[in-house]
Number of protein chains: 2
Amino acid sequence: MKTRDRILHTTLELFNLCGEPNVTTIDIANEMDISPGNLYYHFRNKDEIIFEIFVMFESSISDVLDTPQTIDLDMVDYWMYIHMIFEKIWEYRFFYRDIVSILERNEKLQKRFNRIIDKKNLVSKSILTNMTELGSVSLNTQQIESIATNMVITGTYWLNFLQMRNIGKTLPEEDLGKGVYQVMSLIVPYLPDESKDALEEVAASYL
Amino acid sequence: MKTRDRILHTTLELFNLCGEPNVTTIDIANEMDISPGNLYYHFRNKDEIIFEIFVMFESSISDVLDTPQTIDLDMVDYWMYIHMIFEKIWEYRFFYRDIVSILERNEKLQKRFNRIIDKKNLVSKSILTNMTELGSVSLNTQQIESIATNMVITGTYWLNFLQMRNIGKTLPEEDLGKGVYQVMSLIVPYLPDESKDALEEVAASYL
């Protein structure tokens with residue numbers, strides 16, 4: 001691996017483990033056993049590294065978010081799909097731990113990160129619209145809007161919530177499933193009984 | 001006002017305005033036009049100030065959270081009650097902006113802040129249980145558990161979500177009402193039609 005890529009991967013690991021505010025460029029250089037000068041040759045400061053890592057995240061989560069949700073999916077498909085989004089967030093979870101502080105330092109990142117949130121919102125709405133058009137649920141525009149917002153909030157803050165409840169502990173990746181369940185539970189009351197049962201079955205096998 | 005109290009109030013204002021990570025004890029002393037030495041005479045460091053502000057927040061929000069929810073309330077009452085909780089969060093919103101980073105630096109605060117989250121969870125569950133016992137809704141234990149968790153997540157992260165969507169802008173306090181709506185919308189699908197209409201009416205007059 002090239003030094004530049006090693007810097008990005010080491011930083012991502014340290015950020016996810018310790019939180020971005022607790023990691024300096026010196027820590028990164030020390031962890032890699034290179035001189036700070038060598039690190040600065042590749043990146044002028046920590047924010048430049050953060051931006052490059054964001055570009056990796058953006059490309060990785062967009063692959064999932066850009067997949068159209070227009071066919072008739074069953075509860076297992078939805079579960080897997082939302083789980084995939086959570087996995088991408090998990091890989092870059094440091095962003096979600098200190099989101100406001102990280103974004104306010106970098107204007108480019110503000111817009112592009114919020115474009116990801118816009119996409120999450122669009123995907124949630126298109127899932128709900130699609131379910132309505134297929135007759136699986138019956139939702140009006142206002143309901144779709146409000147459920148989608150709650151889906152985005154729970155989907156965005158689930159890991160922050162878990163971390164707040166377990167300060168100082170390393171989160172187990174298995175807890176992502178509980179987040180998927182919380183997001184899907186927002187649609188449950190609108191589902192017909194057979195879909196509710198199907199969802200409980202998926203949940204039981206994943207939780 | 002005594003210097004000690006003035007320090008607490010100035011700090012709270014600066015934290016809410018700029019975010020806790022962006023405010024130093026020197027900034028606080030400068031804003032108050034006192035010497036850093038005078039500030040250190042009252043508080044040894046920033047974390048001591050944060051702890052004292054937390055104690056104020058804890059007492060203020062506990063007044064609301066400790067009010068029992070056992071009588072038959074209508075949608076307007078619930079709206080007002082959740083709005084009151086949001087107002088307390090709003091007054092001390094800097095905690096919610098950088099929650100994980102603030103808590104990980106202070107063990108005492110970790111436990112006590114999480115006790116507030118526990119209380120929010122208990123209050124949500126007791127509202128839902130009470131509504132079920134009165135026959136307004138029909139929810140089983142698992143449903144109550146999962147709706148309460150979503151209520152706590154939306155109730156905890158609404159301001160963080162708004163701030164992330166509006167980096168660098170001052171949030172208008174009016175947006176609290178939208179947060180109340182998002183929390184209440186979690187119960188809507190379980191409500192009988194007349195309560196749904198009543199809620200939409202309250203929402204229309206507050207949003």
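In this predicted model, the residue B:M184 is in contact with B:Y78, B:W79, B:I82 and B:L199, once its neighbours within four places in sequence are left aside. B:M184 also belongs to the largest nonpolar core, a set of 98 residues, and together with A:V180, A:M184 and B:V180 it is among those that touch the most other members of that core.

Not counting residues up to four places away in sequence, A:V188 touches A:K196 and A:L199. The C-alpha atoms of A:V188 and A:L199 are separated by 8.3 Å, although these two residues stand 11 residues apart along the chain.

We now turn to the way helices pack. Two packed helices are described by the angle between their axes and the distance between the axes. In chain B, helix 4 (residues 46–65) and helix 5 (residues 75–91) pack at an angle of about 175°, and their axes are 9 Å apart. Because of that angle, helix 4 of chain B is roughly antiparallel to helix 5 of chain B, the cut-off for this description being an angle over 145 degrees. Helix 4 of chain B brings B:S60, B:I61 and B:V64 to the contact, while helix 5 of chain B brings B:M84, B:I85, B:K88 and B:E91. Sorted by class, the contact between these two helices has four nonpolar, one polar and two charged residues.

Finally, the two chains can be considered together. Two copies of a chain are related by a rotation about an axis and a shift along it. Here chain B can be laid on chain A by a turn of 180° and a shift of 0.0 Å along the axis, with an RMSD of 0.0 Å, and the two copies are therefore related as by a two-fold rotation axis. The same surface serves both copies, for 100% of the contact residues of chain B recur in chain A.

The contact takes 30 residues from chain B and 30 residues from chain A. On the side of chain B that touches chain A, helix 7 (99–104), helix 8 (107–133) and helix 9 (141–165) of chain B each supply at least two residues, and the largest share, 12 residues, comes from helix 9 of chain B. By class, this side of chain B has 12 nonpolar, 14 polar and four charged residues.

Definitions and conventions:
Residues are numbered from 1 along each chain as its sequence is written. Chains are lettered from A and ligands numbered from 1 in the order in which they are written. This is a predicted model: local features need pLDDT of at least 70, side-chain atom pairs count only at pLDDT 80 or more; totals for chains, interfaces and linings use all residues. Axes are lines fitted to C-alpha atoms, for helices over the stretch in contact, and angles run from 0 to 180 degrees between N-to-C directions. Helices (H or I, at least four residues) and strands (E, at least two) are DSSP runs, numbered from the N terminus. Angles under 35 degrees count as roughly parallel, over 145 as roughly antiparallel, 65 to 115 as roughly perpendicular and the rest as oblique. Two residues are in contact if their C-beta atoms, placed from the backbone, lie within 7 Å. Ala, Val, Leu, Ile, Met, Phe, Trp, Tyr, Cys and Pro count as nonpolar, Asp, Glu, Lys and Arg as charged, and the others, Gly among them, as polar. Copies are superposed by least squares on the C-alpha atoms of residues with pLDDT of at least 70 in both. A nonpolar core is a set of buried Ala, Val, Leu, Ile, Met, Phe, Trp, Tyr and Cys residues joined through C-beta atoms within 7 Å. A residue is buried if 20 or more other C-beta atoms lie within 10 Å of its own, exposed if 12 or fewer, and partly exposed in between; C-beta atoms are placed from the backbone.
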